[in-house]
Amino acid sequence: MSETAQPTPPQSAHHIDVKEFHPRARAAIHNPQIRQNFRKAMDGLMTKRKSAFEGWDLEALRDLGANIRLRALANLPDLLEQLEQKLTENGIKVHWASDGDEACEIVRDICIARDAKTVIKGKSMVSEEMELNHYLGEHGIEALESDLGEYIVQLADETPSHIIMPAIHKNTSEISQLLHDKTGTDLSNDVEYLTANARLQLREKFMNADVGVSGVNFAVAETGTLCLVENEGNGRMTTTVPPCHIAVTGIEKVVPNLEDVTGLLALLTRSATGQHITTYFNMISGPRKADEMDGPEEVHVVLVDNGRSTIYQDDELLDTLRCIRCGACMNHCPVYTRVGGHAYGTTYPGPIGAILMPHMVGLDEGRHLPTASSLCGACGEVCPVKIPIPDLLVRLRQESVDGDKLHPAKVSGHGAKRGAMEALIWKGWSWMHARPGLYRMGTSLGARFRKLQPGKLGGWTQYRTAPKLAAKTLHERMKERSQ
Amino acid sequence: MSSRDTILQRLRNRTGGELTAPECDFSVLKRPDWTTAEKLDMFERTIESVHGEVHRTTEAGWIDRLAEILQSRGAQTLLIAKEHEIGKALKTATQNREDLPQLLVYDEPVESWQEALFTEVDAGITSTRGGIAETGSLILWPSVDEPRLMSLVPPIHIAVLKASELYTTFHEAMHSQNWAAGMPTNALLISGPSKTADIEQTLAYGVHGPKELIVLVIE
Amino acid sequence: MVDPIKMYPAKPSKVYFYATCLVDMFYPDAGMAGVQLLEREGIEVIYPEDQTCCGQPAYTSGYHDEARAVARAQLGLFPEDYPIVVPSGSCGGMMRKHYPDLFKDTTDDVKAAEIAGRVWELTDFLLNVCHIKLEDLGEPTTVAMHTSCSARREMGVAEVGPKLLGQLKNVNLVEQVRAEECCGFGGTFAVRHPEISGAMVSEKVDTLVNTGAKDFVTTDCGCLMNIAGYAEKNHKPMDGQHILSFLWERTGGNRSKP
Ligand code: SF4
């Protein structure tokens, strides 16, 4: 592998100001290439999902998915203990991390103990959450992504723009150029050729890596089994070839029984990419046994909290933790489709990001995230575990303006979005609309003097004509009619 | 307090109080009983739709078929298990036929021959613990005799599947084989060759694992 | 999100008509059409004079105290147990789905839930409760339809509009691509995120224009003002109408039923 193939450490999400959603979104909207890449990708994914569920009783299947997740969450602490016990019995070492930094330290310490210099990674959104690559880089340990999409994103010094398809924002020629610049691959629009080249470069890395780091899709408590869903085989490589495998996972990923996995798997792959199943469903229940010929001699699991136990406290917010990270909500989100993943500036973009990230970065930092939705409900409609995403968006909007005295806000950073002016407008609006006589008087006056209606109404008339007040309100017409 | 205890305590003392666990109704995953022939048809259709290749053959004929397949690919080397009947049968067969590639046995820890495994093996052949018709999946439980990398590293993976061991669904397979009683260090469902769509949703095969998955179904 | 099974009531003799503030101020014709369609079906329409707004704009903006105050003023408008019909999926969804949440932990919780259970989107009510039969008296024409997201997903009436239009023999209904995608209105969303909303409505208008139709109908005034407003400002050949106005006009207005 040539010198140029060494990727620079990935851009740390620390440098991204989550608050700056608007300018990033605006830039994406005016970038025709981004618009086209996402539109095409999302159209394809929506079509595939639809056909993958043909012949299924999708409502019943989603009910099952929701109930499996809810049942697991209902017993979360017990299940985590059971999981820990089973994993330990199986010879897997279990670690607990309160936040991303602690999780990074745990991974680093395992690496140091093994004198590991290079880490090869399978896809793991939790490791993105932890900003693991950046952290390891600062400690002299090279972390290389092996999922092709993640590899591309890492070469470009970017972050993933989608949780399932990290490089979805780039088209073939952009990727070809990138691979050419960074790895010396010939320029080509032949995807097979580009893929074959990446295979060669990464195989070398697999053979020499000291540690493999992966994520986990489901962790089964009854058998102490880690399940990984993937198509490429890089996940299997990561968890098999290096002498040490570290799996990082959120604490919510545990399910009680192996049977649960059958229901969730049926939903996950179909929702995500419209596949009946992925190429590999990899179930790991222990390190290499003494007489086995391959497999890692050490397996570790890092159970990461990072805000999850706080989400867990509230009956409504709890639903956020059902998520199985399929990405269907973003694939179907008209806002995500227009602005792409990077506009959000968060590890998880799109609807799931909008309901999850405020708990990780604070509702002050993430105040715009819940507003980046028309509440069209497409996300909730497709979510395989029936998370009421629009309701959670409204809940977070309420929290971000401290809008409900009956149900005081709980999320850290709540109230940050409450502006004096906006609050006053809503107060006035409420005052008038709670008084029917006043309302009728106001609307009649509006109708009478509609010629004076301003022609410009901020952002609205940037794209549209102003709505036209009618000459007579319906109230007036109904009144006349009854007389 | 350790992070472990802090986390567990926070979860145990949740402010919202105790949660009730709903019932889970798995009947939506169940399918009517299919005959072996129906299951095989379904399996074949599904796995072929994701670029897997299925050859129906017999106990007596599979080695001939295998030889043809490997010859057509120009395979020079084939990785086999030491103890499994598949490996044994192949070893016996090579004694009186020329049309099989050189056989390599995976009987040493990978560390001693990793480079060769990654660069010199053209194909690997493994058994299966059955298949799943609905999703076109092979069930593999790698073992001491058939290690994990046999089905992953060589560019061609050949899997031998007995038609009589086809299940309709994953749910059924898992129950029939009573997986909950104990799992091996590694268990796999394999449904097609390694693939990616990470470059503009264009499918490309063999990105990390085998470029070809060939299933010999023994009827 | 959609009620799993809808229990339609028997056709009543009276209904409450909840017009919504947008219909009241901007599209009273659509409201009148709705009232008259109901009356033509032999139903007496009660129009509570003190109705204002369902509270949804404040609710979705997070100002739940303010939304609750306005919503509470609506709770007293429907004393008898007649169905409440709403010519909007969005306001219907607010009342049917969100009133129970909004009044949870208040003394009005039972009342709010009771009212919520009586709320029907008007086209759904015409089709599935009144079993309306429409006789088309208009010239042959081609229209597209945009079902609002709340009508589709909160009220579960995506099938209703096309079925009603299907009764009109001279109306050729064409479907735009991505028909189920949001038009970008989203209440205050359009003001908070004008560029994103603008991008959404521009694509919606393009897909509508690409059907070849020159007109579209919709279940909701928010979408109407968004889509038609965009088309007008950008000189796109696409005119819009509330579906109720369209149905009323096509079937000859006050002409008595054959
Ligand atoms: S919120 Fe639902 S749709 Fe979105 S990623 Fe999670 S499981 Fe998938």
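This conversation goes through features of a predicted model.

User: Which residues touch the most other members of the largest nonpolar core?

Analyst: They are Val107(A), Phe218(A), Phe281(A), Phe170(B) and Leu189(B), in a core of 141 residues.

User: And which helix gives the most to this core?

Analyst: Helix α12 of chain A, residues 258-273, gives the most, with eight residues.

User: What does Phe170(B) touch?

Analyst: Leaving aside residues up to four places away in sequence, Phe170(B) touches Val261(A), Thr262(A), Leu265(A), Phe281(A) and Met283(A) in chain A. In chain B, Phe170(B) touches Ile132(B), Trp179(B) and Leu189(B).

User: Turning to the ligand, which residues are around it?

Analyst: The residues around the ligand include Cys323(A), Arg325(A), Cys326(A), Cys329(A), Ile352(A) and Cys383(A). By class, the shell has 10 nonpolar, one polar and one charged residues.

User: Where is Leu137(C)?

Analyst: Leu137(C) is in the loop of chain C between α7 (122-128) and β5 (141-146).

User: Why does Leu137(C) count as partly exposed?

Analyst: Leu137(C) counts as partly exposed because its relative accessibility is 37%, and the partly exposed class runs between the buried limit of under 20% and the exposed limit of over 50%.

User: What separates the C-alpha atoms of Leu137(C) and Gly252(C)?

Analyst: These C-alpha atoms are separated by 6.1 Å, while the two residues are 115 residues apart along the chain.

User: Finally, how is chain A divided into domains?

Analyst: Chain A has domain 1 (63-310) and domain 2 (436-482). The centres of these domains, taken over C-alpha atoms, are separated by 57 Å.

Definitions and conventions: Residues are numbered from 1 along each chain as its sequence is written. Chains are lettered from A and ligands numbered from 1 in the order in which they are written. This is a predicted model: local features need pLDDT of at least 70, side-chain atom pairs count only at pLDDT 80 or more; totals for chains, interfaces and linings use all residues. Side-chain values use heavy atoms; hydrogens and water are left out. A nonpolar core is a set of buried Ala, Val, Leu, Ile, Met, Phe, Trp, Tyr and Cys residues joined through side-chain atoms within 4.5 Å. Buried means under 20% relative accessible area, exposed over 50%, partly exposed in between (1.4 Å probe, protein chains only). Helices (H or I, at least four residues) and strands (E, at least two) are DSSP runs, numbered from the N terminus. Contact means heavy atoms within 4.5 Å. A residue is near a molecule or strand if one of its heavy atoms lies within 4 Å of it. Ala, Val, Leu, Ile, Met, Phe, Trp, Tyr, Cys and Pro count as nonpolar, Asp, Glu, Lys and Arg as charged, and the others, Gly among them, as polar. Domain bounds come from an automatic or database domain assignment.
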